Amino acid sequence: MALNKSMHPRNRYKDKPPNFAYLASKYPDFQKHVQTNLVGGVMLNFKDPEAVRALTCTLLKEDFGLTIEIPLERLIPTVPLRLNYIHWVEDLTGGQGSPRRGIDIGTHFQLQLKIYPSSCWMKPWRSAWWVFC
């Protein structure tokens, strides 16, 4: 997972990337997609849509308490990048204060309905979002 200096400063994954070994030990659905290399490192094949889906679902469960199902024929956004997006929108809209409204076009409906409201726990927002897929 490419986590680097371009990550938003408030992104929880910027300085602490997901621990695949820990997640694999806790979540059997994720564990079957994890491989151990010759030096004992834990790896995930990001070219495998099922592995990416398992990682996304696992991170949403572990870090946000969300349980979702994502069909393989749908876009599977990575959680750290989607969290960057939420922080950037928060910065652009001023974060708190008056209610904010936004339109997000072309994103996964089920994921967005759960991610945007759950972003409120990070910093209290009064917001409304319309999602068009």
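**Exercise 1.** Which residues line the second largest pocket?

*Solution.* The model is predicted: local features need pLDDT of at least 70, side-chain atom pairs count only at pLDDT 80 or more, and totals for chains, interfaces and linings use all residues. Residues are numbered from 1 along each chain as its sequence is written, and side-chain values use heavy atoms, with hydrogens and water left out.

Step 1. A pocket is an open set of points on a 1 Å grid over the protein atoms alone, where a 1.4 Å probe fits, with protein on both sides within 12 Å along at least five of seven lines; lining residues have an atom within 4 Å of a point.

Step 2. The lining consists of Arg12, Tyr13, Lys16, Pro17, Pro18, Asn19, Tyr22, Leu23, Leu59, Glu62 and Asp63.

Step 3. Helices are DSSP runs (H or I, at least four residues), numbered from the N terminus.

**Exercise 2.** Describe the largest pocket.

*Solution.* Step 1. Its volume, the space filled by probe spheres set on grid points joined across faces, edges and corners, is about 320 Å³.

Step 1. Of its 14 lining residues, Asp29, Ala54, Cys57, Thr58 and Ile68 lie nearest the centre.

Step 2. α3 (49-64) gives the most to this lining, six residues.

**Exercise 3.** State how much of the protein chain is buried.

*Solution.* Step 1. Buried means under 20% relative accessible area (1.4 Å probe, protein chains only).

Step 1. Buried residues make up 38% of the 133 residues.

Notes:
Buried < 20%, exposed > 50% of the residue type's maximum accessible area, 1.4 Å probe, protein only. Helix = DSSP H or I, 4+ residues; strand = E, 2+ residues; numbered from the N terminus.
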